[in-house]
Amino acid sequence: MTNNSHPAQAGHPDSAVSDVLTPESLRAALDAEFDRVLAQLSELVSIESVAWPAYDRAHVEKSAEVVAEMARELSFDSVEILTAATPSGEEGYLAVVARKAAPEGRPTVVLYAHHDVQPTGDVALWNTEPFVATVKGDRMYGRGAADDKAGVMVHLAALKLLGDKLNVGVVLFIEGEEEAGSPSFNNFLHTYRDKLEGDVIVVADSGNWAERVPALTVSLRGMVALEFSLTTLNHSVHSGMYGGLVPDAGMAMIRLLNTLHNDDGSVAVEGLVQNEDVANDYDEATIRKDSGVLDSTELIGSGPFASRVWSKPALTVIGIDIPDVDHSSNTLQASVRAKVSMRLAPGQDPQDALSKLKQHVEENVPFGATLEFGPEESGAPWQANLDDPRVAVAKQAISDGFGTDVVDMGLGGSIPFIADLLEVFPQASILVTGIEDPDTRAHSANESLFLPDFKSAIVSEALLLHRLGQSE
């Protein structure tokens with residue numbers, strides 16, 4: 001474990017805003033130093049902080065050090081770089097934790113983001129260098145420019161704007177392995193509970209409804225993933241000698257995977273939670289534009305479009321171990337392995353969903369093939385408490401910061417660690433905010449950050465922090 005405790009600089013930085021905190025005064029102060037904010041974000045983007053075993057851990061360590069150094073420029077009581085063990089006993093990746101005590105009677109707000117990033121994928125698909133922050137028009141391109149190094153900078157820039165007008169306690173928690181599934185996260189929370197405890201937790205790792213249209217994420221789908229293999233032969237054999245008589249594992253697997261969806265593409269696993277009641281919906285043209293689906297491709301599922309990605313299950317075959325075309329031969333495969341990922345609607349118990357998925361697979365194995373289950377994963381869905389008064393404070397702050405009404409939005413993706421946060425801090429209010437927009441392309445080539453919304457997110461968070469201190 002690395003534990004570099006550093007007292008912050010003495011005193012408080014002078015606030016860049018006037019005595020009256022308004023969206024206009026905050027935005028003017030941000031405009032004056034936005035070049036510095038972009039320079040810091042560019043420095044973070046230049047670090048290849050992929051927290052996967054196949055990549056150099058030193059890059060993640062460097063990223064943590066840079067984030068910690070940026071935090072030390074602010075008025076924290078302490079700034080530390082910490083790790084915890086994974087369930088298998090390995091050391092997790094580095095997180096930055098900085099803390100400033102709350103004034104008497106005021107709440108403590110935990111500001112979460114992550115400094116690790118996804119791999120680039122095929123670099124040939126990028127129009128810019130992935131680890132060089134490149135501004136074109138209103139967008140900054142680069143891996144992590146939005147997901148989630150922009151989230152890191154929203155927190156740091158909002159705190160800088162408030163300066164000595166900060167009237168809440170703050171815990172800055174910048175994780176270093178979110179894109180790798182946060183394997184040490186739960187143990188990290190338990191190990192450093194006293195350092196991380198807060199009344200409100202702001203998770204800056206979601207999206208907005210559209211460019212210049214902000215959202216507060218109020219629901220997240222959960223997820224289960226399952227590996228399994230089918231075996232039909234003791235060993236692979238010549239397809240000409242036995243094809244037409246002996247079923248190969250590839251054929252059996254294709255038949256089995258085909259049973260996982262109904263004719264309309266909806267999930268065929270029975271008994272899963274689903275709901276069509278959504279507050280807002282997408283139009284088909286927007287869905288097609290944002291997703292990049294071909295004009296000739298039919299959309300799948302039924303019900304409102306938003307319900308299909310927010311509040312209904314979805315199942316994707318994310319991997320099959322079978323010879324690729326370039327290395328294929330006329331052979332009946334003895335054994336084939338597949339991995340499926342299933343998104344879960346809010347209200348669905350992940351273990352119940354996993355059990356139902358396994359039951360479906362078992363009941364649909366063709367040709368008497370031998371089935372063997374492999375590793376499995378699970379993460380719980382989440383639903384915000386819309387009656388929480390802090391949610392109302394957040395929605396007003398975001399609306400004021402963006403200059404337009406905030407949208408209540410579900411998210412089709414999963415943030416499994418929110419369940420861990422609620423397990424350790426059950427009384428905390430969870431606020432999931434967004435930096436991304438539908439054209440951000442997080443995890444894909446040409447990831448980008450829409451800079452006008454980045455500015456608005458910083459102003460919104462500064463307003464939120466100030467108003468949380470006033471509303472308690």
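Domain bounds, as used in these legends, come from an automatic or database domain assignment. The model is predicted, so that local features need pLDDT of at least 70 and side-chain atom pairs count only at pLDDT 80 or more, while totals for chains, interfaces and linings use all residues. Residues are numbered from 1 along each chain as its sequence is written, and side-chain values use heavy atoms, with hydrogens and water left out.

**View 1. The two domains and the annotated segment.** The chain is divided into domain 1, made of 23–220 + 381–469, and domain 2, made of 224–274 + 313–379. Their C-alpha centres lie 36 Å apart, and 9 residues of domain 1 are in contact with 8 residues of domain 2, where contact means heavy atoms within 4.5 Å. An unreviewed UniProt entry carries the annotation "domain: Peptidase M20 dimerisation" for residues 226–365; UniProt positions are given in the numbering used here, feature names are shortened, and annotations may be inferred rather than shown by experiment. Over residues 226–365 the chain is 30% helix and 20% strand, with its end C-alpha atoms 15 Å apart; helices (H or I, at least four residues) and strands (E, at least two) are DSSP runs, numbered from the N terminus.

View 2. Strand β9 (residues 222–231) is joined to β14 by 8 bridges in an antiparallel arrangement, with Ser229 standing opposite Glu372 of β14.

View 3. Phe367 is placed in the loop between α10 and β14, and has a positive phi of about 60 degrees although it is not a glycine. With a relative accessible area of 42%, Phe367 is partly exposed; buried means under 20% relative accessible area, exposed over 50%, and partly exposed in between, using a 1.4 Å probe and protein chains only.

**View 4. Strand β6 and two of its partners.** Strand β6 (residues 169–175) is mostly covered, 7 of its 7 residues being buried. Gly169, Val171, Phe173 and Glu175 are buried on one side, as are Val170, Leu172 and Ile174 on the other, so that both faces of the strand are covered. Strand β2 (residues 95–100) is joined to β6 by 5 bridges and runs antiparallel to it, the bridge partner of Lys100 in β6 being Val170. Strand β3 (residues 108–114), in turn, pairs with β6 in the parallel sense over 7 bridges, and Thr108 stands opposite Gly169.

View 5. An open sheet of 3 strands has the order β4-β5-β18 and antiparallel pairing. The edge strands, each pairing on one side only, are β4 (134–136) and β18 (448–450), and neighbouring strands are turned by 25 degrees against each other on average, direction ignored. β4 pairs with strand β5 (residues 139–141) over 3 bridges in the antiparallel sense, and Lys136 stands opposite Arg139 of β5. In the loop between β5 and α3 (149–162) lies Asp148, which is joined to Asp147 by a cis peptide bond with omega of about 5 degrees. Asn446, in the loop between β17 (429–436) and β18, has a positive phi of about 65 degrees although it is not a glycine, and is buried, with a relative accessible area of 9%. Most residues other than glycine have a negative phi, and most peptide bonds are trans.

**View 6. Leu449 and the nonpolar cores.** A nonpolar core is a set of buried Ala, Val, Leu, Ile, Met, Phe, Trp, Tyr and Cys residues joined through side-chain atoms within 4.5 Å. The largest has 97 residues, of which Phe76, Phe173, Phe188, Leu196, Leu449, Phe454 and Ile458 touch the most other members. Leaving aside neighbours within four places in sequence, Leu449 is in contact with Leu41, Asp138, Arg139, Met140, Ala145, Ala146, Ala150, Ile435 and Phe454. A second, separate core of 24 residues includes Ala252, Leu272, Val336 and Ala338.

Notes
Two strands pair if DSSP finds at least two bridges between them. Axes are lines fitted to C-alpha atoms, for helices over the stretch in contact, and angles run from 0 to 180 degrees between N-to-C directions.
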